[in-house]
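User: I am new to protein models. Could you show me how to read one, feature by feature?

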There are 2 protein chains.
Amino acid sequence: MQINTNYANLQDSYLFLTIAKKVAAYTQAHPENKIIRMGIGDVTQPLVPAVIEAMHKATDEMAHKETFRGYSPDQGYDFLREAIQGYYAKRGVSLKLSEIFVGDGAKSDIGNIVDIFGEDNRVLIPDPVYPVYVDTNVMAGRHVSYLDANVQNGFLGMPDENMQADIIYLCSPNNPTGAVYNRAQLQAWVDYALRHDAVILFDAAYESFIADDTLPHSIFEIEGAKRCAIEFCSFSKTAGFTGVRCGYTVIADELVCGETQLNTLWARRQATKFNGVNYITQRAAAAVFTQAGQQQVRDVIAYYRKNAAMMVEAFREIGLWFTGGENSPYIWHKVPEGMTSWEFFDSLLNRAEVVGTPGSGFGKNGEGFFRLTAFGTHEDTAEAMERLKKLLR
Amino acid sequence: MQINTNYANLQDSYLFLTIAKKVAAYTQAHPENKIIRMGIGDVTQPLVPAVIEAMHKATDEMAHKETFRGYSPDQGYDFLREAIQGYYAKRGVSLKLSEIFVGDGAKSDIGNIVDIFGEDNRVLIPDPVYPVYVDTNVMAGRHVSYLDANVQNGFLGMPDENMQADIIYLCSPNNPTGAVYNRAQLQAWVDYALRHDAVILFDAAYESFIADDTLPHSIFEIEGAKRCAIEFCSFSKTAGFTGVRCGYTVIADELVCGETQLNTLWARRQATKFNGVNYITQRAAAAVFTQAGQQQVRDVIAYYRKNAAMMVEAFREIGLWFTGGENSPYIWHKVPEGMTSWEFFDSLLNRAEVVGTPGSGFGKNGEGFFRLTAFGTHEDTAEAMERLKKLLR
C-alpha cells in the first residue's frame, strides 16, 4: 500500500496542545488561583428550552415503532430544509429545497467540499485564517496561495486583478479576526469570481453575531453570488450546537462548471460518503427557527454579545489596536509593542491568569496579534478585562 | 475552477430509485393491495429502553450550564471508547483507547478512509458488493479490480498469489449476500495482506447478527490482523441507529506504512475534517454496552433473526439456492432458471406483491440473484414467505 504523502506536508498543529500544556503547568504550580479561559471558541451556555423540548419529543418518537425513523433523506428532512429556506427568504434570498444540504457541521462540509474539485485549481486563502482551509487543501496536494489580511486593510483582504485564484475561501464574520465584509466588499469578490470563473467558498458560521443591519449575513444577498459561491453555515454558534453537530451547505443550481452543476456533484458526494444527520438533531435544529426558538437563541447571543461589548470597551480604554467584537464573538488585538504573540500569551497567563490564543497560530500575518473570545460568563469576562487593564496600564 | 472529473466515471445509481418508481406505479394501480417491503436494509424496530433513557438523561444535561457539553474530543468521549474497548476485550482483542475512533457511522468512515491513501494503490473489491466501496474509489480516480464472488465459492472470494492488490475491501457478514468468512478464510486474507504489504478494509457492520460461535466478529480476532487491517463497525444494525448515526473505526498502532502509523494519519484526517459525534448520541451508544442495553439489543436482533430463520426455512422448501440468513439479516438467493434479477423483481412485485432488491444492482456477479431483508415484522415476513412459496411452487 501507499499512503497519501501530502499529509507529510501538513504543519504540526501544536497551537491548542501547547496552550493546554502551558495552562496545565501553571495550574499545577498555582492550584489555588483562578484562571479565566478566553482561548477556545466553544460555547458555554446550555441549549435553549425550545431545542431541549424538541429533542425530548423526537427521542420519544424514536422509542415507538409507529413513529420510529431510520435513515434520514440524504440532504436532510424537508421540515428542516423548509425552515432554513424560510430563514433565507427573510433576507430576500430565494432557495429551492434541493439547493440546501443538511450536514453534521460546517467543519465537515468545508473539509469535504474539496472532493468535488479537480487537483489543478489555484487556491486562495486569507492569512490569518481558521487552519482547516489550508490543511484540507494541503492534504489534497493543492497549491495554496495567501491573501494578506492586516491592519492596513482592517483584516479584510480584497481581490486584485493580478491574483491567480480558482477557489477562494472567505470567512465573514471572520475567525479569528472578527472582521466583517460589507456589501460593497463582497460585491467586489463576487464580481471578481464571475470574471475569473472562480468559486467562493463562503464560511458564514458566525453570521448570527452580526448586529449591524447594513452588513450581509449571507453571500447570496449579493447580486450574482448564486453563480459563483457555495455557502457553509452552522448551528454551533447560532444555537450552541458545538456538541450537537448540525450545519447546512447551500449550492444554487446556477453554479456550474461547463455543463455540470456543482450541486449535483455535492449531492453525489454526500449520498456516497455520508448518511444524513441524526433525526433528533434535525428536529432540534428545526426548533431553532420557531418563534420561541428564535427569541431564545437571540437571548443567548445577546448574552455573549454583552461580553464582547465589555471587551470592546476595555480595549478602547487600553488603547491597543483591535478589530471584531461588534459583530463577532472574537476580539483580535495587537499585542504590546515589542512582544510576539506567544510572549504576550505567557505574560497574560503568568501575570493576569487569563488564557487567550496567540495570533501567530493562524498564519504569518497573525504574528503580533492575539484572539480573545466572548463565550464566557459576564462575571469572568468583566474580571478578565479588569486584569488586562491592570496588566497593560 | 476545475471540477473533479472522476465523478463523470461514476455509474448512475438508479437501483433504489427504479425500485421506488416501480413500486409507486404498482401502488397507484392497486391502491387497496398490501405490498410487503423486503428491499431496503433499514431497521424498523424502535430504539431500546436503555438507549432512550440515556438520550433523555443526556438531553437534560445539555439543558443546564453545569452539565452542558460543547465540542466532543476528536476521537470520541472516553466513556464510549472504554465501552467499545471492553466489547473487544470480551472476544480477546486488546485495544488502546487511542486506537478507537468514534464516528457518525460506518458509511462515512469507509468513504472517507480513502483520503489517507495514495493515488497509485491497486484496489480490490468483491463483486457483488455494497456500492460505496467502488464509488468512493472511482471518485478518487483509483483503478479498481474485482474479486469474483459466486455460487462456486459460496460468495466468499479468496486470495490467490497472482492477485494485484494494495487495498482490499472485505465485508463479513456480507452486504448483500449474507455470507460470512470463517476463521481460516480470514487468516488466509490476513496472511496474504502481510505477505504483499496490502491493507484490508474490513466492514463489520453486521457482526451482531453472527449466531455461530465459531465465526469471527472482528478481523482482529485473527493473528496478525493488527498489522494489516482497519475495521469499521456501526451501531446501525446492532442497535437500530440508522437514524441516530454512530459508528467506530479501529486502527491499531502496529499498522504502518514505512515509518508512518496509519492511526496518526486517520487521527489527523478526522481532527481536520470532522468535529466529533453528538454528545447525546455518544451517551446512547455507551448505553448499548450496559448489561440492560446488551440484553435489549440482543432481543431486537433475535426478533430480526427469527424473520431470517423463517426465510431460510421457506427457501429450503422452495429449493432455490441461497446463502445468508443464518448469521445475517440478508437472504441472497438465485432467481428461477431463465430469469434476470429485474424480471424476478417484476414478477415478485406483480404476482406476489413483495418487494426485494435485484442482485444485479450490486455488481455483474449479482445478475441472476436477489436480496431479501429480515428487517420487517414477523407477520409480514411470514406472509411474504407464503406468497413466495405460492409463486414459486
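Analyst: Start with the names of elements. Helices (H or I, at least four residues) and strands (E, at least two) are DSSP runs, numbered from the N terminus. This is a predicted model: local features need pLDDT of at least 70, side-chain atom pairs count only at pLDDT 80 or more, and totals for chains, interfaces and linings use all residues. Residues are numbered from 1 along each chain as its sequence is written, while chains are lettered from A and ligands numbered from 1 in the order in which they are written.

User: Where does Arg245(A) lie, in those terms?

Analyst: Arg245(A) sits in the loop between α7 and β8 (247–251) of chain A. Its phi is near 75°, a positive value in a residue other than glycine.

User: Is Arg245(A) buried or exposed?

Analyst: Learn the rule before the case. A residue is buried if 20 or more other C-beta atoms lie within 10 Å of its own, exposed if 12 or fewer, and partly exposed in between; the C-beta atoms are placed from the backbone. Arg245(A) has 30 other C-beta atoms within 10 Å, so it is buried. Now look at chain B. Arg245(B) also has a positive phi, about 75°, although it is not a glycine. Its loop runs between α7 (236–239) and β8 of chain B. Arg245(B) counts as buried because it has 30 C-beta neighbours inside 10 Å.

User: Is Lys96(A) buried or exposed?

Analyst: Lys96(A) is exposed, because 11 other C-beta atoms lie within 10 Å. Its loop lies between α3 (78–89) and β2 (100–103) of chain A.

User: What span is expected of α2(A), and what does it reach?

Analyst: The expected span of a helix is 1.5 Å times one less than its number of residues. α2(A) has 14 residues, and 20 Å is expected. From its first C-alpha to its last it reaches 20 Å, close to that value.

User: Which residues of α2(A) are buried?

Analyst: They are Ala50(A), Val51(A), Ala54(A), Met55(A), Ala58(A), Thr59(A) and Met62(A). Next, look down the helix axis. The arc is that of the directions from the axis to the C-beta atoms. In α2(A) the buried residues fall within an arc of 165°, so they line one face of the helix. Their cover includes α7 (236–239), α9 and α10 of chain A, together with α2 (49–62) of chain B.

User: How many residues of chain A are in contact with chain B?

Analyst: Two residues are in contact if their C-beta atoms, placed from the backbone, lie within 7 Å. By that rule, 62 residues of chain A are in contact with 62 residues of chain B. On the chain A side, two or more residues each come from α2 (49–62), α4 (106–112), α5 (132–139), α8 (262–273) and α9 (279–288). α2(A) gives the most, with five residues.

User: Which peptide bonds are worth a look?

Analyst: One joins Ser172(A) and Pro173(A), with omega about -5°. Pro173(A) is in the loop between β5 (167–171) and α6 (183–196) of chain A. In chain B, the bond from Asp127(B) to Pro128(B) is cis, with omega near 5°. Pro128(B) lies in the loop between β3 (123–127) and α5 (132–139) of chain B.
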